[in-house]
Amino acid sequence: MQSWIPLVPDSASTLSWKVDALYFYLSGVTLFFSLLISAVLIFFVIRYRRRTPYEIPRPIAGSHKLETLWTIIPFVIAMTMFGWGAQVYFQQYKPPANAIEVYVVGKQWMWKLQHATGQREINQLHIPVGRKIKLIMTSEDVIHDFFVPAFRTKMDVVPGKYTTMWFEATTPGTYHLFCAEYCGMNHSGMTGSIIVMEPREFDNWLSGNAGSGTPASQGQQLFQSLGCASCHGQNGEGGRGPTLAGIYGQKTQLQTGESVSVDDSYVRESILNPQAKLVAGFGAIMPTFQGQVSEDQLLQLLAYIKSLAGGQTQAPATAGTPAATNARPAGSPTQNLK
Ligand code: CUA
């Protein structure tokens with residue numbers, strides 16, 4: 001598992017070599033110019049040293065050619081850094097559509113994770129090799145940061161909002177997970193491991209750890225027990241609130257005339273602060289659920305509302321993806337395990 005340069009951590013995701021290549025390019029350019037400038041400096045100091053006490057240097061009038069050259073060359077080099085950096089950045093922070101979703105809640109000082117198939121883990125995440133994994137993350141208290149050096153990716157985990165990150169592991173093994181944002185006394189102990197398994201092994205692990213229902217089904221129970229259904233009926237019964245079937249991922253019209261897309265943040269806001277963005281045609285009658293639902297429960301409600309949109313809690317891998325054989329239909333994966 002040791003990487004080829006001992007200074008660099010293990011490299012185990014589809015992104016890690018891209019980040020490394022960029023990093024080595026930046027280091028290489030920096031090293032090249034540092035050496036060049038040092039060498040030229042030393043050469044000039046010796047070559048043009050004052051040889052007699054009364055020597056007067058020849059004045060330099062300047063050269064447009066030279067100035068243009070040393071403006072354009074650094075500009076071109078800086079633009080390659082910018083272009084390459086932006087390309088890697090967008091790949092890293094734009095999760096692919098067909099990823100397996102895992103919910104993550106950070107708290108002082110542990111990581112709580114739940115798979116879309118229901119399994120819960122603490123400070124550990126089991127994933128299959130060769131599949132895209134998307135984490136939907138939030139925090140119960142302060143800012144944390146989910147950092148997996150071997151995958152060359154990290155993302156802040158922030159209270160009050162959802163952040164996402166994704167990766168696709170390329171090599172089975174166990175990798176470090178760190179909290180990379182100082183979060184209090186035991187920050188340094190807020191570590192864990194990512195366990196990358198062969199797909200078959202992972203399936204065995206999943207079946208050996210069947211949870212108490214998927215996040216979506218737990219969200220559905222909450223939806224009933226909190227009384228959401230009496231206003232947000234499946235087929236619009238009640239009529240006091242908009243029906244939620246099929247709404248996730250769509251645009252919806254607000255009272256203000258604006259339209260918003262119904263995404264993770266909007267669903268979250270609408271549960272905790274219902275009056276912030278009222279849907280056109282409905283009154284400001286929904287009470288806030290701030291303080292009544294935990295971060296885990298919010299994620300379950302979110303998973304349920306997503307599942308109403310047609311199985312998006314866990315987007316099935318499309319035919320043609322290499323690991324499609326490992327795909328499971330959304331929402332049903334553990335049912336055959338009971
Ligand atoms: Cu959590 Cu540092």
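Visitor: Is Phe44 buried, partly exposed or exposed, and why?

Guide: Remember that this is a predicted model. Buried means under 20% relative accessible area, and exposed means over 50%. Phe44 has 43% relative accessibility, so Phe44 counts as partly exposed. Look for Phe44 in helix H1, which spans residues 16-47.

Visitor: Which residues form a nonpolar patch on the surface with Phe44?

Guide: Phe32, Leu36, Ile37, Val40, Phe43 and Tyr48 form the patch with Phe44. Together these residues have about 730 Å² of accessible area.

Visitor: Now pockets. How do I read empty space?

Guide: Rolling a probe the size of a water molecule over the atoms shows where empty space is left. Here, the largest pocket holds about 540 Å³ of space.

Visitor: How many residues line the largest pocket, and which lie nearest its centre?

Guide: The lining has 29 residues. Nearest the centre are His232, Pro242, Leu244, Ser270 and Met286. By type, the lining divides into 21 nonpolar, 6 polar and 2 charged residues.

Visitor: Which helices each supply at least two residues of that lining?

Guide: Helix H5 (264-272) and helix H6 (295-307) do. H5 gives the largest share, with 4 residues.

Visitor: Next, charges. How do I read a salt bridge?

Guide: Side chains of opposite charge can pair when their charged atoms come close. In this model the count comes to 10 salt bridges. Take Glu101 and Lys306: their closest N and O atoms are 3.1 Å apart. Glu101 lies in strand E1 (residues 100-107) and Lys306 in helix H6, so this pair ties together parts that are 205 residues apart in sequence.

Visitor: Are Glu101 and Lys306 buried or exposed?

Guide: Both Glu101 and Lys306 are buried.

Visitor: What does the salt bridge between Glu295 and Arg268 link?

Guide: Start with the distance: the closest N and O atoms of Glu295 and Arg268 are 2.9 Å apart. The pair links distant parts of the chain, with Glu295 in helix H6 and Arg268 in helix H5, 27 residues apart. Glu295 and Arg268 are both buried.

Visitor: Which residue forms a salt bridge with Glu269?

Guide: Lys277 does, with the closest N and O atoms 3.0 Å apart. Apply the cut-offs again. Glu269 has 24% relative accessibility, so Glu269 is partly exposed. Lys277 has a relative accessible area of 34%, so Lys277 is partly exposed too.

Visitor: Which residues do salt bridges that share partners join into one network?

Guide: Glu101, Lys134, Asp264 and Lys306. Find Glu101 and Lys306 again, the pair with closest N and O atoms 3.1 Å apart.

Note on methods. Residues are numbered from 1 along each chain as its sequence is written. This is a predicted model: local features need pLDDT of at least 70, side-chain atom pairs count only at pLDDT 80 or more; totals for chains, interfaces and linings use all residues. Side-chain values use heavy atoms; hydrogens and water are left out. On a 1 Å grid over the protein atoms alone, a cavity is a set of points where a 1.4 Å probe fits but cannot get out, and a pocket is an open set with protein on both sides within 12 Å along at least five of seven lines; lining residues have an atom within 4 Å of a point. Grid points are joined across faces, edges and corners, and a volume is the space filled by probe spheres set on the points. Ala, Val, Leu, Ile, Met, Phe, Trp, Tyr, Cys and Pro count as nonpolar, Asp, Glu, Lys and Arg as charged, and the others, Gly among them, as polar. Patches are made of residues with over 30% relative accessible area and no salt bridge: like charges are joined within 9 Å, nonpolar side chains (Val, Leu, Ile, Met, Phe, Trp, Tyr) within 5 Å. Accessible areas come from the Shrake-Rupley method with a 1.4 Å probe; for residues, only the protein chains shown count as cover. A salt bridge is a side-chain nitrogen of Lys or Arg within 4 Å of a carboxyl oxygen of Asp or Glu. Buried means under 20% relative accessible area, exposed over 50%, partly exposed in between (1.4 Å probe, protein chains only).
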